[in-house]
Amino acid sequence: QVQLVESGGGLVQAGGSLRLSCAASGVIFRVNAMGWYRQAPGKQREWVARMSNDDNTSYTDSVKGRFTISRGNARYTVSLQMNSLKPEDSAVYYCNAEVRRSVVDTSRDYWGPGTQVTVSS
């Protein structure tokens, strides 16, 4: 099994910053990519940012220039630096990893339990 654990959520005022971190562990042959999604109350989960295993990054338009995804120092870790936060960024943020568990396995999505980010106006 593969486990993902997020940390770093919390309450911040508009214009402030937070840093989320995620660590993947378990039976892992290769991580193709790691990324972040978020889900606000009453809304569908939406993709936020992604980093591939060759360090290519991509972002949803609403966070470009404000959020930065980066690889952590430890293996299978990723962080999301969120600056200039807005109330509309409030959501539960989920870490996602695209993982192959063995050389014959296909890539599958794994998810963390989520961490709450609340931005007050």
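Which residues is L80 in contact with, leaving aside its neighbours within four places in sequence? Let me start there, everyone. L80 is in contact with L18, R19, L20, W36, V48, A49, F67, T68, I69 and Y93, where contact means heavy atoms within 4.5 Å.

Some housekeeping before we go on. This is a predicted model, in which local features need pLDDT of at least 70 and side-chain atom pairs count only at pLDDT 80 or more, while totals for chains, interfaces and linings use all residues. Residues are numbered from 1 along each chain as its sequence is written, and side-chain values use heavy atoms, with hydrogens and water left out.

Now to the core. The largest nonpolar core has 32 residues, and L80 is among those with the most contacts inside it, together with W36, M82 and Y93. At least two residues of this core come from each of β1 (2-7), β3 (18-26), β4 (30-39), β5 (46-52), β7 (67-71), β8 (77-82), β9 (91-100) and β11 (115-120). The largest share, 5 residues, is supplied by β9. By core I mean a set of buried Ala, Val, Leu, Ile, Met, Phe, Trp, Tyr and Cys residues joined through side-chain atoms within 4.5 Å. Buried is under 20% relative accessible area, exposed is over 50%, and partly exposed lies in between, with a 1.4 Å probe and protein chains only. Strands are DSSP runs (E, at least two residues), numbered from the N terminus.

Have a look at β1 next. β1 and β3 run antiparallel and are joined by 6 bridges; two strands pair if DSSP finds at least two bridges between them. The bridge partner of V2 in β3 is G26.

Not counting residues up to four places away in sequence, Y110 touches Q1, V2, L4, C95, N96, A97, V99 and R101. Y110 counts as buried because its relative accessible area is 11%.

Where is S90? S90 sits in the loop between β8 and β9. Its relative accessible area is 18%, so S90 is buried. S90 and A40 are 50 residues apart in sequence, yet 6.6 Å apart in space, C-alpha to C-alpha. Beyond its neighbours within four places in sequence, S90 is in contact with A40, V117, T118 and V119.

On to charges. The whole structure has 7 salt bridges, each a side-chain nitrogen of Lys or Arg within 4 Å of a carboxyl oxygen of Asp or Glu. One of them joins R38 and E46 (2.6 Å, N to O). R38 is buried at 5% relative accessible area, whereas E46 is partly exposed at 32%. Another pairs R66 with D89 (2.7 Å, N to O). R66 lies in the loop between β6 (57-59) and β7 and D89 in the loop between β8 and β9, so this pair ties together parts that are 23 residues apart in sequence. R66 is buried at 10%, and D89 is buried at 1%. Salt bridges that share partners join R38, E46, R66 and D89 into one network. Elsewhere, K64 and D61 meet in a salt bridge (3.0 Å, N to O), and D61 is exposed at 61%.

Definitions and conventions: Helices (H or I, at least four residues) and strands (E, at least two) are DSSP runs, numbered from the N terminus.
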